[in-house]
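Here is a short briefing to read alongside the model. Keep the sequence at hand as you go through the points.

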Amino acid sequence: MARSVWGSTVGKKTIMAVSGLIMLLYLVVHMFGNLKIFFGSGQFNSYAHWLRTIGEPFLHYEWALWIIRVVLVAAVVLHAVCAYQLSRRDQRARPVAYAHKRPRASYATRTMRWGGIILALFIVWHLLDFTTLTVNKNAQPGHPYENVVATFHTWYGDVIYIVAMLALGLHIRHGFWSAAQTLGAGKATRDRVLKGIANILALVLTVGFISVPVAVMTGVVS
Ligand code: HEM
């Protein structure tokens with residue numbers, strides 16, 4: 001069963017759809033959590049502390065967070081490996097080699113490919129910035145509010161995050177739609193609704209995430 005899912009194109013697309021939806025769910029929660037920054041340092045930092053104590057005393061300190069991390073890493077790896085394999089498969093499936101230059105992939109394919117690469121690089125930077133604090137100018141463990149403000153006081157922090165969030169919006173817009181197709185939507189009326197949901201999700205997430213660097217840049221959050 002597992003082998004046939006992994007070995008087939010439909011199986012890989014299903015894995016991409018499900019892992020994508022898991023990441024999307026995380027992002028919706030993460031974006032709304034980030035908006036707590038507008039309520040000040042005390043609220044934001046105690047929210048970050050709460051993230052580490054979810055499930056206590058049944059779970060130990062940070063256990064829930066580690067479970068979330070393991071699920072997310074699995075989702076990212078499965079999503080990326082399937083994307084790579086599907087695109088290799090697509091290239092191999094061309095019956096006749098093109099005599100001249102290969103025609104460029106479609107706009108959507110190119111956007112998803114480059115968007116995926118930008119987001120993968122962004123995630124590495126983001127973890128170095130706010131989790132390990134390696135590249136953070138403030139780098140105070142337990143003080144995410146001050147660390148976030150420090151990042152968005154640098155020009156490169158603003159550029160990296162805003163570019164990545166725009167890539168994220170485009171990726172979600174097309175990705176959500178593709179996932180719905182894979183998971184068996186496909187009636188004209190339902191498709192229209194799903195396209196609407198994809199657009200709203202992409203817009204809300206992009207605007208919500210970008211509001212944080214913009215708030216720091218404009219002094220609303222300081
Ligand atoms: C402006 C946008 C964003 C801001 C300000 C932001 C801020 C933060 C902060 C402050 C943390 C650390 C929380 C803590 O340790 O308590 C964090 C963690 C995290 N963020 Fe973001 N984030 C943003 C966008 C994103 C995006 C787009 C993604 C995914 C593509 C993402 C994925 C993560 C992950 C996976 C973690 C958890 C790291 C861990 O395991 O501790 N974030 N974010």
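Helices (H or I, at least four residues) and strands (E, at least two) are DSSP runs, numbered from the N terminus. By that rule, I22 belongs to helix α2, and the chain as a whole has eight helices and zero strands. This is a predicted model, in which local features need pLDDT of at least 70 and side-chain atom pairs count only at pLDDT 80 or more, while totals for chains, interfaces and linings use all residues. Residues are numbered from 1 along each chain as its sequence is written, and side-chain values use heavy atoms, with hydrogens and water left out.

**Overall picture and confidence**

- Reading from the N terminus, the elements follow the order α-α-α-α-α-α-α-α.
- Along the principal axes, the C-alpha atoms fill a box of roughly 60 × 45 × 40 Å.
- The chain has 222 residues, and 32% of them count as buried (buried means under 20% relative accessible area, exposed over 50%, and partly exposed in between, with a 1.4 Å probe and protein chains only).
- Mean pLDDT, the predictor's confidence in each residue from 0 to 100, is 93 for the chain, with 95% of residues at 70 or more.

**The iron site**

- Which residues hold the iron atom of the ligand? H30 and H126 coordinate the iron atom, each through NE2, at 1.9 to 2.0 Å.
- These two histidines bring distant parts of the chain together: H30 sits in helix α2 and H126 in helix α5, 96 residues apart.
- Donors here are N, O and S atoms within 2.8 Å of the metal (3.2 Å for Na, K and Ca), and sites may look incomplete because water is not among the atoms.
- The site is octahedral, with angles of 86 to 179° among its six donor atoms.
- Six donors count as octahedral if opposite donors are over 155 degrees apart and all others between 65 and 115.
- H30 is partly exposed, at 22% relative accessibility.

**Backbone details worth a look**

- Most residues other than glycine have a negative phi, and most peptide bonds are trans.
- The peptide bond from E56 to P57 is cis, with omega near 5°, and P57 lies in the loop between α3 (41–53) and α4 (63–92).
- E62, placed in the loop between α3 and α4, has a positive phi near 70° without being a glycine.
- L133 also is not a glycine, yet has a positive phi of about 65°.
- You will find L133 in the loop between α5 (107–131) and α6 (144–151), where L133 is buried at a relative accessible area of 12%.

**The salt bridge**

- How many salt bridges does a search of the whole structure find? The search finds one, counting a side-chain nitrogen of Lys or Arg within 4 Å of a carboxyl oxygen of Asp or Glu.
- The partners are E62 and R52, whose closest N and O atoms are 3.3 Å apart.
- E62 lies in the loop between α3 and α4 and R52 in helix α3, so the pair ties together parts that are ten residues apart in sequence.
- R52 is partly exposed, with a relative accessible area of 26%.

**A nonpolar surface patch**

- V18, L21, I22, I67, V71 and L183 make up a nonpolar surface patch, with about 460 Å² of accessible area together.
- Patches are made of residues with over 30% relative accessible area and no salt bridge; like charges are joined within 9 Å, and nonpolar side chains (Val, Leu, Ile, Met, Phe, Trp, Tyr) within 5 Å.
- The areas come from the Shrake-Rupley method with a 1.4 Å probe; for residues, only the protein chains shown count as cover.
- Helices α2 (9–34) and α4 each supply at least two residues of the patch, and α2 gives the largest share, three residues.
- I22 itself is partly exposed, at a relative accessible area of 36%.

**Sequence and space compared**

- M165, in helix α7 (residues 155–182), is buried with a relative accessible area of 6%.
- Between M165 and V135 there are 30 residues in sequence and 19 Å in space, C-alpha to C-alpha.
- V204 lies in helix α8 (residues 188–217) and counts as partly exposed at 40% relative accessibility.
- V204 and G169 are 35 residues apart along the chain, with their C-alpha atoms separated by 8.8 Å.

Note on methods. Four donors count as tetrahedral if all angles lie between 85 and 135 degrees; four count as square planar and six as octahedral if opposite donors are over 155 degrees apart and all others between 65 and 115; anything else is irregular.
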